[in-house]
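This report looks at a predicted model. Please keep the sequence and the structure at hand while reading what follows.

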Amino acid sequence: MAAEIAEPVETGRYDDDVEELDVIIIGAGNLGLYQLYLIKRMGLSVRAYDDAGGVGGTWYWNRYPGARFDSESESYGYSFSPELTQEWDWKEHFSGQPENERYFNYVADKFDLRDNIVLNTRVVAATYDESEARWEIELDDGRRSRAQFVVAAVGILSAHYSPDFPGIDDFEGESFHTSRWPREPVDLRGKRVAVIGAGASGVQVCQTIAAEVSQLTVYQRTPHYLVPLRNGPVTPEEQRQLKDRAAEIHRLCREVSPVGFMYGPDPRSALDYSKEERWKVYEELWTRPGFAKFLMNFSDLWTEDAAADDYSEFVREKIRERVHDPKVAEKLTPRTYRFGARRVPCEDNYYEIFNRNNVELVSVLDTPIERITQKGILTSDGEREFDVIIYATGFDSITGSLTRMDIRGVDGQRLADKWTEGFRTLLGMQTNGFPNLFIAMASSFCNYTVCAEMVAEWNANCIEFVRNRNFRSIHPHKEAEDRWMQHVRDAASQGVAKDDVSSWFKGSNIPGKASSTPLMYFGSLQAYRVELLNAARTFEEFILE
Ligand SMILES: Cc1cc2nc3c(=O)[nH]c(=O)nc-3n(C[C@H](O)[C@H](O)[C@H](O)COP(=O)(O)OP(=O)(O)OC[C@H]3O[C@@H](n4cnc5c(N)ncnc54)[C@H](O)[C@@H]3O)c2cc1C
């Protein structure tokens, strides 16, 4: 059953200069693959382009040490095919990158998708021809393709970001970005390693390599609230139970959990209980794997300020318990925002690595990085020398992968220009002035695949609707965008979501990027689903030509 990872192959190449298609998909990751499956099933001509050397998107690129899910594997796997769910055995409850990449390769083979995928090929531009109501895309090898519809399944976290540190090219050792980790093994044993960035990827790398390197220096900007992952192998008995419960798990994710996970919240309010009673509940749930410890918790931990403050203090206490040096513990402790205001990364033994003699924490808030030097990194308190620098500096999220292409809609308007003042879409799906362009990202803040399946299905239904009714094109009214963007802002103005933090949810991790409007929807997944269903009922918020 184990799918072999195919060597990069160029499938589906075409001979003509310009290929005419019904649908072009950009990206062959989680969402792009399912979109391709749906469009193929509709009998349309379709091709997916990806600049990666294989399928899987995130799980192709992020092959750094320790890369893995913090969604439960079975809830991250697709739900659209019960047969696939029964066939595929996840080996760990929170599966690692190699297995995840194998999974997406297995999917590509099982559903016969490879012939429609062109790998190692970057889409550099997409231009809308109003007279023909067709898009023309340009590939990095100069070739072009045309189609009525473009589905940009380019990923929420695929445009990797490296801060523009002075001297970055001067470094004489090896440098890697976590999201562009080489396929060949990287030997870090006995080396002096710097990791810049202590978000989800930085945490995974550091805890994985700390024991094998001679010196690890972690450059942290914002401390996170981290929670223990509590991963483990899936035993044969658990495997059987998970398969038996598969339909129920998928229903929980889709219909019950506000954020698409396999457990629902406790409807009780934390504030109805004494501190002792509350902390007893927190403590019991702390032993659970992954996000269960806070998603199964009192439902108002995110929405009521007093409850959010209380739970944040509980998690801070956990950090203090694990780090021996109180000064280091303090640097690792978030003080300026509450638990849940930023994405919560999971960890295994991250806090304990700071009890080792070979690990140092540098807070760049106290001692900023001034430059990268030939030998290492210079901060305001001096230079440290390294053999390897790992940039775990994240992504230009959501919009980055779109605006890095030259996308031009009606009247030649550039998408990047349209979004200079901020992200504007209807439902995160389409944007006015760019007919037949689907921004295929799971826009609701949740377990990705659960929302991604809804999005891909909505796109397929919309394409079918437009074609069956003989329309040429579809895109939202400006007023509909105004309504949706206001709704997105309102949803992010409550509870912890309103805390002022630098975050990729908002775009504020990237200097100069507009961040007044959240890039994701913080209402519940179910509310988002209702919005999608309503939008497709009459399409009255769209301009149909
Ligand atoms: C390290 C890491 C861990 C994560 N863990 C989780 C998790 O546990 N749970 C969860 O829900 N989510 C997680 N995510 C989020 C993750 O990105 C999504 O779960 C999901 O993989 C996104 O799928 P996608 O198909 O939308 O995009 P991607 O997987 O990013 O795929 C997009 C593809 O499009 C390609 N592409 C982009 N632009 C172009 C172009 N111009 N031309 C050609 N190809 C292009 C990209 O190279 C990429 O291969 C994680 C993300 C990262 C980075």
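## The ligand and its surroundings

In this predicted model, a polar side-chain atom of Ser 71 lies 2.7 Å from a nitrogen atom of the ligand. Taken alone, the ligand exposes 980 Å², of which the protein buries 95%.

The ligand is surrounded by 33 residues, and the closest of these are Asp 51, Thr 58, Ser 71, Tyr 76 and Tyr 448. Sorted by class, the shell contains 15 nonpolar, 14 polar and 4 charged residues, and at least two shell residues come from each of helix 1 (30-41) and helix 2 (58-61).

## Helix 11

Helix 11 covers residues 305-322, and because 18 residues at 1.5 Å a residue should span 26 Å, the 26 Å between its end C-alpha atoms agrees with expectation.

## Arg 338

Arg 338 is placed in the loop between helix 12 (326-331) and strand 11 (346-347). Its relative accessible area is 12%, which is under the 20% limit, and Arg 338 is therefore buried. The side chain of Arg 338 makes a polar contact, at 3.0 Å, with the side chain of Asp 309.

Leaving aside residues up to four places away in sequence, Arg 338 touches Tyr 225, Asp 305, Ala 308, Asp 309, Ser 312, Gly 495, Val 496, Lys 498 and Asp 499.

## Two residues with positive phi

Asn 120, found in the loop between strand 3 (117-118) and strand 4 (123-129), has a positive phi of about 55° although it is not a glycine. Ala 133, which is found in the loop between strand 4 and strand 5 (134-139), is also a residue other than glycine with a positive phi, here near 55°.

Are these two residues buried or exposed, or do they fall in between? Asn 120 counts as partly exposed because its relative accessibility is 36%, whereas Ala 133, at 2% relative accessibility, counts as buried.

How values were computed: Residues are numbered from 1 along each chain as its sequence is written. This is a predicted model: local features need pLDDT of at least 70, side-chain atom pairs count only at pLDDT 80 or more; totals for chains, interfaces and linings use all residues. Side-chain values use heavy atoms; hydrogens and water are left out. Helices (H or I, at least four residues) and strands (E, at least two) are DSSP runs, numbered from the N terminus. Buried means under 20% relative accessible area, exposed over 50%, partly exposed in between (1.4 Å probe, protein chains only). A polar contact is a pair of N or O atoms within 3.5 Å; within protein, one must be able to donate a hydrogen and the other to accept it, and residues adjacent in sequence count only if both atoms are side-chain atoms. Contact means heavy atoms within 4.5 Å. A residue is near a molecule or strand if one of its heavy atoms lies within 4 Å of it. Accessible areas come from the Shrake-Rupley method with a 1.4 Å probe; for residues, only the protein chains shown count as cover. Ala, Val, Leu, Ile, Met, Phe, Trp, Tyr, Cys and Pro count as nonpolar, Asp, Glu, Lys and Arg as charged, and the others, Gly among them, as polar. The expected span of a helix is 1.5 Å times one less than its number of residues.
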